Amino acid sequence: MSSQGESNTDPWDKETKRKFQNKSTSQFFDPCQEAAARSIRCLNRNGGDRAMCTDYFEAYRACKKEWINKRKKEGGSVFFSS
């Protein structure tokens with residue numbers, strides 16, 4: 001059930017950074033969308049039982065935290081392109 005092998009991808013690689021910086025300001029972009037989708041699919045598979053999906057939630061939180069930290073180091077805001 002764990003997707004630990006899939007979570008090794010960098011959420012803020014060069015291609016993701018390019019997409020984020022080139023999107024229109026009103027367009028939402030989440031480099032961790034794949035992890036979020038896996039969490040939702042897990043909930044659907046398990047009838048909404050959150051306890052069955054903790055690995056997926058943790059992978060999403062880790063992805064989001066890494067992305068935010070990298071944006072902060074670059075001097076950019078999470079919400080606005082620098």
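What percentage of the contacts in the chain with a separation of 6 or more do residues 24 or more positions apart account for? In the predicted model considered here, such residues account for 51% of those contacts, a contact being defined by heavy atoms within 4.5 Å. Because the model is predicted, local features are reported at pLDDT of at least 70 and side-chain atom pairs at pLDDT 80 or more, whereas totals for chains, interfaces and linings use all residues. Residues are numbered from 1 along each chain as its sequence is written, and side-chain values rest on heavy atoms, with hydrogens and water left out.

The chain contains 3 helices and 0 strands, and its elements run α-α-α from the N terminus on; helices (H or I, at least four residues) and strands (E, at least two) are taken as DSSP runs and numbered from the N terminus. Of the 82 residues of the chain, 30% count as buried, where buried denotes under 20% relative accessible area, exposed over 50%, and partly exposed the range in between, with a 1.4 Å probe and protein chains only.

Helix α2, spanning residues 33-45, comprises 13 residues and reaches 18 Å from its first C-alpha to its last, close to the 18 Å expected at 1.5 Å a residue, the expected span being 1.5 Å times one less than the number of residues. Within α2, the residues Ala-35, Ala-36, Arg-38, Ser-39, Cys-42 and Leu-43 are buried. They cover an arc of only 160 degrees around the axis, which puts them on the same side of α2, the arc being that of the directions from the helix axis to the C-beta atoms. On the other side of α2, Glu-34, Asn-44 and Arg-45 are exposed. The buried residues of α2 pack against α3, which covers 54-73, and α2 is followed by Gly-47, whose phi is positive, near 60 degrees.

Helix α3 has 20 residues and reaches 28 Å from its first C-alpha to its last, close to the 28 Å expected at 1.5 Å a residue. Its buried residues are Tyr-56, Phe-57, Ala-59, Cys-63, Lys-64, Trp-67 and Arg-71. Seen down the axis of α3, these buried residues fall within an arc of 165 degrees, so they line one face of the helix. An α-helix has 3.6 residues a turn, so residues three or four places apart point the same way. The cover over the buried residues of α3 includes α1 and α2, while the face turned away from the buried side carries the exposed residues Arg-61, Lys-65, Lys-72 and Lys-73. Among these, Lys-65 has a relative accessible area of 56%, and its C-alpha atom is separated by 9.8 Å from that of Pro-11, 54 residues apart along the chain. Just after α3, Gly-75 adopts a positive phi of about 85 degrees.

The largest nonpolar core consists of 5 residues, namely Cys-42, Leu-43, Cys-53, Tyr-56 and Phe-57, and α2 and α3 each supply at least two residues of this core; a nonpolar core is a set of buried Ala, Val, Leu, Ile, Met, Phe, Trp, Tyr and Cys residues joined through side-chain atoms within 4.5 Å. When its neighbours within four places in sequence are left aside, Phe-57 is in contact with Ser-39, Leu-43 and Arg-50.

In one of them, Cys-32 and Cys-63 are joined with their sulfur atoms 2.1 Å apart. This pair links distant parts of the chain, with Cys-32 in the loop between α1 (14-22) and α2 and Cys-63 in helix α3, 31 residues apart. The torsion about the S-S bond of Cys-32 and Cys-63 is about -90 degrees, so the disulfide is left-handed, and both Cys-32 and Cys-63 are buried. A disulfide also joins Cys-42 to Cys-53, with an S to S distance of 2.1 Å. Here too the pair links distant parts of the chain, Cys-42 lying in helix α2 and Cys-53 in the loop between α2 and α3, 11 residues apart. For Cys-42 and Cys-53 the torsion about the S-S bond is about -95 degrees, so this disulfide is left-handed, and Cys-42 and Cys-53 are both buried.

Terms used: A disulfide is a pair of cysteine sulfur atoms within 2.5 Å.
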